[in-house]
Every structure is written in C-alpha cells, then in structure tokens.
Amino acid sequence: MKSPPSSSPSSSLLLRKTRLSPFLFTLLAVIVFIAVILYSEVFSQCDTKLYGLRVSISRIIKNKEKLPFAIGEREEGCDVFKGRWVWEKSRPLYGEYECPYIQPQLTCQEHGRPDKDYLHWRWQPHACSLPSFNATLVLESLRGKRMLFVGDSLNRGQFVSMVCLLQRIIPENAKSMETFGSLTVFTAKDYNAKIEYYWAPFLLESNADDAVIHRITDRIVRKGSINKHGKNWKGADIIVFNTYLWWMTGMPFKILQKGSFKDDVKDMIEVSTEDAYRMAMKSMLRWVKRNMDPKKNRVFFTSMSPSHYKSIDWGGEPDKNCYNETTKIEDPSYWESDSSKSIMQVIREVFSKSEVPITFLNITQLSSYRKDAHTSIYKKQWNPLTPEQVANPVSYADCTHWCLPGLQDTWNELLFTKLFYP
C-alpha cells in the first residue's frame, strides 16, 4: 500500500499563513454569518408558504362546511331578531306604485291610507347591523334555481315582498308572474330563476286547500298527508315554510284519519291545537329530511305573524283594534298573545329534537311592536261593506295582514341575512 503523498513545502506554508491571517478569518466568519442569515430567510419563507397553505386548506375545509348560499357570517353573539325599530327617511325600499305584483288586498296607499310613517321604520339589531338587501346577489345566487314560499296568505305576502324587492332591477320584458292553481310563479328570465309561492295553509292536506275558495270555519286536516302538497315542492333549492294562523280555531282540532273531506260521515279524532300543530311540524321535518339535500339546499321556517285585534293589550281603549293606529308599540316586553307562546313552545320542542338543518326566522316579537303596519281598512274588500260596517270601521279592519311595502320587507331582509350571512 502506498503512503499518501506528503504536502509540498509551499502548501504547508499557505496553510500556516491562512491560519495566522486575521483578515481571512474575519472574512470567513462574515461569509458564514451571511450564509446563516440567508438560510434562515429561505427557511422562514418556506415556513410562511407552508403556513399559508395550511391556512388556505383550513379555509377550504371551512367553506365546505358552510351552509349553501352562505358567503359570510354574522358577528359572534349577534341575534338579528333582538333589537329595536329605527325611523329612517330613506325607507321604504321600493314604492307601492313601482311593484305591479302586489295584490289589491295589500296596497294600502292606493286604497286611501292617509299616513306614511309606517313605511319608514327599519329594524336595528342590538348587537350588530343587518346587511343591505342586495337584489343582484339574490338573483345571481338563484340563477337556474327555485326559491319557494309554502304556507298561508301571510307567507304569500312575504313572497310578494320578495318579488317586489327583486323585480325592480329586472327589465320589463325579462320577468313574468303566472298562477297555476295553488302555485304562483315569478320568473326572472335572464337568470332562469324562479321565485314561487304554494298555497298550503296547514302544510298537510286539508279542507281549505282550494287556492281561491277556502274560507272555512270547520277546519280539518288529514293525518300523514304532507306528500299531497309536498310533491309540488320537490326540486326547490330554497324553501320558506310558514303555518300558524289557520290552526288558531280556539277549539279542539279535527284530524281526518280515513275517508274524504266531503263525506257526511268521517273517521275523525279531536286533539288540542298544540298536538295538531306538533303533528304538522313533525311531518314537515320528515319531508325535509327525505327531499332536501343539506349540502345544496336551504330550508327556513317563518314564525307566527302576530295580529292586533285588542287595543287594550297595548294600553289602548276597550273595543278598539289596529284601526287608526299610526305608531308602533314602545313596550319592549309586549307579546301578542298566550296562544302564540304555546305554539312557539311546540316549535322549540320539535325543532330541538330534530337533526334536520332548518333556519328559524323568528319574526314574531319584532312584528308584535308594529300595530301600525296592518292593512286595516285600506284594502280591497272581499265583499261589499254594509252600512253598519261603513259607520264603524273598527268592525271590518284587517289587523292580520300587512301593507306592502312595509313590515314584510323586513322579514325578507332577515331572510337575506340568514341566507347569505348565517
């Protein structure tokens, strides 16, 4: 084995000189220091990119978990249903004359209502503010889709309000409204979007299902019959349910078990209003579970719309109602009636036990303050008024339905908020 070659005298001298040179030592230290800094910077940048990737992935995951149609969220602790009414000069959001789709039963200004303050109230939550209603955002989100309102005439009012809020930005030749029995369809043609309303005051099959002839006092529903109407709801991307007013008969409720509503002899049972209502809520949730995809669809339930037939309830005169009421109720603790409380309790019980994703639009309390917003006598009357009625307007004032524009536009501002910023 050969020995390694020995170093030459010149190389040994150079090594000794390098070891002994302070200048070269300092230079080497500087180079090493710079290298460490550059390495740290590169590592830091890599780590930042990795962190950014982790953040991006987290956001993607979070977005996947977001509800359909949601583009943001409200501030933590913000309950949009708790707040106060604030007068605002820029209201209403549209003029009565600007929306040709309002039924004559809701056009209060056209039918002689002399005051206009009721048009200028805006709902202001205590802990946050509502986002401004954006008609373009709604229509773009509904491109190729269906939004469906299902329920009674109060839900029809909310449907018409939504149409009025949207139609103002759509050219005249690019929109239409058609009625097919129980179904009314507004189409925004350029968006291939449909906003619909389906008459089903109990959600279940009933003896009041005729969309025109339904003024029945002896009300009967069929047990387990939600598919009778539900077949017409399939395929909707957003559904807004309501049902309340028609259940409030003040008597035990009749449930048809077998036979026809027209039969003289029927197989029926009588149950309390609360039990009948509970049956309908459970049926609705079962239908939603079977027919709506929580990854693609949204379901809402609008709570009870209050009436104002007893002015004594808010400190008014006996035997008066909403007629001539032009101011809102100022008492923040005011509640319309004990009956609505019992129904609210049923909803809480049923919804709390269900895994079906449904958004509750709690419009009851905020609407209770608005005794000034009803149609009262300022509407088209179904039947000619008698001389006695004309002499006593309180006797025929409608303290159930609401003028449009008006309160129900706020309901849709809340729907907008919960749809896009849940």
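E355 is found in the loop between helix 7 and strand 12 (359-361); helices (H or I, at least four residues) and strands (E, at least two) are DSSP runs, numbered from the N terminus. At 78% relative accessibility, E355 counts as exposed, where exposed means over 50% relative accessible area, buried under 20%, and partly exposed in between (1.4 Å probe, protein chains only). E355 and K289 are separated by 66 residues in sequence, and their C-alpha atoms are 8.7 Å apart in space.

## Basis of the values

This is a predicted model, in which local features need pLDDT of at least 70 and side-chain atom pairs count only at pLDDT 80 or more, while totals for chains, interfaces and linings use all residues. Residues are numbered from 1 along each chain as its sequence is written, and side-chain values use heavy atoms, with hydrogens and water left out.

## Salt bridges

A salt bridge is taken here as a side-chain nitrogen of Lys or Arg within 4 Å of a carboxyl oxygen of Asp or Glu. By this rule the count comes to 16 salt bridges. One of them pairs E196 with R146, whose closest N and O atoms are 2.8 Å apart. E196 lies in strand 6 (residues 193-199) and R146 in strand 3 (residues 146-151), so this pair ties together parts that are 50 residues apart in sequence. Both E196 and R146 are buried.

A salt bridge also joins D275 to R278, with 2.7 Å between the closest N and O atoms. Both residues belong to helix 6 (residues 273-291) and are three residues apart, about one turn of the helix. An α-helix has 3.6 residues a turn, so residues three or four places apart point the same way. D275 is partly exposed, with a relative accessible area of 42%.

In the salt bridge between K371 and E325, the closest N and O atoms are 2.6 Å apart. This pair links distant parts of the chain, 46 residues apart: K371 is in the loop between helix 8 (364-368) and strand 13 (374-376), and E325 in the loop between strand 11 (298-302) and helix 7 (338-352). K371 counts as buried at 5% relative accessibility, and E325 counts as buried at 19%.

## Helix 4

Helix 4 (residues 153-167) has 15 residues; at 1.5 Å a residue it should span 21 Å, and its end C-alpha atoms are 20 Å apart, which agrees. The expected span is 1.5 Å times one less than the number of residues. Of the 15 residues, 14 are buried, so helix 4 is largely enclosed by the rest of the structure. At the start of this helix, a side-chain oxygen of D152 reaches to within 3.0 Å of the backbone nitrogen of L154.

## Backbone geometry

Most residues other than glycine have a negative phi, and most peptide bonds are trans. The peptide bond from R91 to P92 is cis, with omega near 0°; P92 is in the loop between strand 1 (83-87) and strand 2 (121-125). L404 and P405 are likewise joined by a cis peptide bond, with omega about -5°, and P405 lies in the loop between strand 14 (398-402) and helix 10 (407-420).

L203, although not a glycine, has a positive phi of about 70°. This residue is in the loop between strand 6 and strand 7 (220-222) and, at 0% relative accessibility, counts as buried. S376 also has a positive phi, near 55°; S376 is placed in strand 13 and counts as buried at 3% relative accessibility.

Conventions:
Polar contact = N/O pair within 3.5 Å; in protein donor to acceptor, adjacent residues only side chain to side chain.
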